[in-house]
Amino acid sequence: MKLEVNAYGRVMKEIEETEGVPGKAVHLTLDARLQEKAYEAFGEESGAAVLLDVHSGEILAFVSTPAFDPNAFSRGLSNDEWQALVENERSPLTNKAIQGQYSPGSVFKPLVALAGLESRVIKDDTRFFCAGKMFLGDHPFHCWKRIGHGYLDLREALMHSCDIFFYETAMRTGIDKIADVARRFGLGKAIGIGLEHEKPGLIPDKAWKLKRFGESWQVGESLISGIGQGYILVTPLQLATMTARLVNGGYEVTPTFFPVSERKYQKIKKIDVSPVHLNLVKQGMFDVVNVPGGTAWGSRFDYKGMKMAGKTGSVQVRRISLKERQSGVIKQKDLPWKYRDHAIFIGYAPADNPKYAVAVLVEHGGGGSSVAAPIASKILKESLILDPVENRPHF
């Protein structure tokens, strides 16, 4: 249709109209029921969620919130409507699932654990002592638990999300080995799912820092990388991909919107990592949700004997001063929205025979255990309700 409009954008008359031609039908993997459940679970929160089939890579839910009404663009936006969208601090025009780049926080710890195991610097029974903080030279590195966790092995460190354990592991493993494992599990580059403007995230290493800043990598930077902070950036889609590869036996699945039945079959490459090490990481992720004291214990479910497993994360967006640590860290609910931590959770279900992997990120949500994990739990449970166990495919 061709229209004549004046300088104010007002339609003056219709010049020409051509009947539309039906396009080719496109079948996608997205499940409208899971999409609706995911949006419902977010409520008024801002963020993103991606749900994958861990064996095929099929994307079943792909959510970025808050959303906007695309019909408004068809009829034309007023200046006020446009300004309301672009000035909204919750960024409704950004597809956060592929364009939001965030520090992963503690959901990066399973990869650090795997890198440490693969490098033989830790074993399943390696124990480190957490006193609430450790020193590198005269600089303190704090655990989220001020009084410390005491002695912990790998499984317990994942369950309680002990920062000290992963500072120690990262320091011994080194950033280059951590970066290698992270990239093999889908981080540090665009996945490539056919949508424009996907961000690559960032997995740093020694060569990257030297090229970017002309400076050598410092040991302290390895420590903060060990808890998913520092230079590291990921997208929710990358986190879902990472989770799927961790729990499907180490197969390099790639997310896709197109059903397996409509794609040419290609054998999925297996990542060269020890199955024993993958299982150790999964055991820790199981305990996060299903053992009392685990950081996501409050979000557990048991649907017909099927449970979920996963990892919580909370990412600081502001620096906590020494004075604040000494006087008491300000509670998240008492901070302005934009200064609250991002809340993250990666999870999968069923825990004993994984089929679905999910990544949930809630911008400035406050806590991964209190905000992101409950959302992920609802999405994963709904995926099990809609897909009977006997229909689950296997490699």
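Predicted model: local features only at pLDDT ≥ 70, side-chain atom pairs only at ≥ 80, totals over all residues.
1. A word on conventions before we start. Local features need pLDDT of at least 70, side-chain atom pairs count only at pLDDT 80 or more, and totals for chains, interfaces and linings use all residues. Residues are numbered from 1 along each chain as its sequence is written, and side-chain values use heavy atoms, with hydrogens and water left out.

2. Buried means under 20% relative accessible area, exposed over 50%, and partly exposed in between (1.4 Å probe, protein chains only). Helices (H or I, at least four residues) and strands (E, at least two) are DSSP runs, numbered from the N terminus.

3. Phe166 deserves a look of its own. Not counting residues up to four places away in sequence, Phe166 touches Lys109, Val112, Ala113, Leu154, Ala157, Leu158, Gly226 and Ile227; contact means heavy atoms within 4.5 Å.

4. Phe166 also takes part in a helix pair, H5 with H7. Helix H5 (residues 109-118) and helix H7 (residues 163-173) pack at about 45°, with their axes 9 Å apart. Axes are lines fitted to C-alpha atoms, for helices over the stretch in contact, and angles run from 0 to 180 degrees between N-to-C directions. The two helices are therefore oblique to each other (under 35 degrees counts as roughly parallel, over 145 as roughly antiparallel, 65 to 115 as roughly perpendicular and the rest as oblique). On the H5 side the contact is made by Lys109, Val112, Ala113, Ala115 and Gly116, and on the H7 side by Asp163, Phe166, Thr169, Ala170 and Thr173.

5. Helix H1 (residues 32-42) packs with helix H14 (residues 368-386) at an angle of about 155°, their axes being 9 Å apart. That makes H1 roughly antiparallel to H14. From H1, Arg33, Leu34, Lys37, Ala38, Ala41 and Phe42 meet Ile375, Lys378, Ile379, Glu382, Ser383 and Leu386 in H14.

6. Please check two cis peptide bonds. One joins threonine 65 and proline 66, with omega about 5°; proline 66 lies in the loop between strand E4 (59-65) and helix H2 (71-75). The other runs from alanine 349 to proline 350, with omega near -10°, and proline 350 lies in the loop between strand E10 (342-349) and strand E11 (356-362).

7. Arginine 120 counts as exposed, at 62% relative accessibility. Phi of histidine 197 is likewise near 65°; histidine 197 sits in the loop between helix H8 (175-184) and helix H9 (206-213) and is exposed, with a relative accessible area of 57%.
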